[in-house]
Amino acid sequence: KLEHFVLYKPLAIVSGDFYWVSSNGSRQIIICADCTGHGVPGAFMSMLGVAFLNEIVDRDHITEPAMILNLLRDKVTGALQHKGTGETRDGMDVSLVCIDLEKSRLKYAGAYNPLIMIRNDQLTELTGDKMPVGMYEKMDPFSQREVDIMKGDVFYLASDGYEDQFGGAEGKKFKAKRFKQILLDVHSLSMPAQKEIIEKRFLEWKGELKQVDDIIVAGIKIS
């Protein structure tokens, strides 16, 4: 079975980051997305993303991560062009996994955002394609990675809000290296304990400074 936590800290009342979960038979589809902007423009993109995922996955039963991202990009770019709001920078960065518990397989596709896997105290990063789900100079099909999963594996999906936060004694960015070290430090704990420590470390780092972006961190454990 799967255990999980989601740390979700929007910058404003509405957010440009969203997470989305669905199941299809033995498959669980989990998505973390970081839309262009935050506040109302980001929330508009989030609403589009959720609506289109409902169609692609829940209505049309598509569970291959790369295919989901390709179709999502088609729908997002079509909607933005139709509204006349499409700019080259409009879109979303996404990490998407499909976990098949019967086959003990995980499939991953990403638009910029990676998937972090920890097994036997070793951290591996699966990187996504360097293009967003949206209008871009590069519009290649998204690629897909597959890994066998085993009991005890822990996976993390996140937006860049956590590691982009300024703080610490010198007011610098937290950065990916520190973020990965936290995940290594906490990955063997229970899901609620992991979430609590990850949030606590963020607040300690931020201190009196303002939060700079929406934040989402999701952890999934194969148990």
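Strand E6 (residues 115-119) and strand E10 (residues 154-158) run antiparallel and are joined by four bridges; strands here are DSSP runs of at least two residues, helices are H or I runs of at least four, and both are numbered from the N terminus. Two strands count as paired if DSSP finds at least two bridges between them. Across this pairing, Met117 stands opposite Phe155 in E10. All of this comes from a predicted model, in which local features need pLDDT of at least 70 and side-chain atom pairs count only at pLDDT 80 or more, while totals for chains, interfaces and linings use all residues. Residues are numbered from 1 along each chain as its sequence is written, and side-chain values use heavy atoms, with hydrogens and water left out.

E6 also pairs with strand E7 (residues 122-126), again antiparallel, through five bridges. How enclosed is E6 by the rest of the structure? Largely so, because four of its five residues are buried (buried means under 20% relative accessible area, exposed over 50%, and partly exposed in between, with a 1.4 Å probe and protein chains only).

Turning to the helices, H3 (residues 175-186) has twelve residues and reaches 17 Å from its first C-alpha to its last, close to the 16 Å expected at 1.5 Å a residue; the expected span is 1.5 Å times one less than the number of residues. Its buried residues are Phe179, Ile182, Leu183 and Val186. Looking down the axis of H3, these fall within an arc of 100 degrees, so they line one face of the helix; the arc is that of the directions from the helix axis to the C-beta atoms.

Helix H4 (residues 191-206) has 16 residues that should span 22 Å at 1.5 Å a residue, and its end C-alpha atoms sit 23 Å apart, which agrees. Buried in H4 are Met191, Gln194, Ile198, Phe202, Trp205 and Lys206. They cover an arc of only 100 degrees around the axis, which puts them on the same side of H4. Over on the other side, Pro192, Glu196, Lys200 and Glu204 are exposed.

A couple of backbone angles stand out too. Most residues other than glycine have a negative phi. Ser104, though not a glycine, has a positive phi of about 55 degrees. Ser104 lies in the loop between strand E4 (91-100) and strand E5 (105-111), and at 31% relative accessibility it counts as partly exposed. Lys175, found in helix H3, has a positive phi near 75 degrees and is exposed, with a relative accessible area of 53%.

Finally, the surface: Tyr8, Tyr19 and Val21 form a nonpolar patch with about 280 Å² of accessible area together. Val21 belongs to strand E2 (residues 17-24). Patches are made of residues with over 30% relative accessible area and no salt bridge, joining like charges within 9 Å and nonpolar side chains (Val, Leu, Ile, Met, Phe, Trp, Tyr) within 5 Å. A salt bridge is a side-chain nitrogen of Lys or Arg within 4 Å of a carboxyl oxygen of Asp or Glu. Accessible areas come from the Shrake-Rupley method with a 1.4 Å probe, and for residues only the protein chains shown count as cover.
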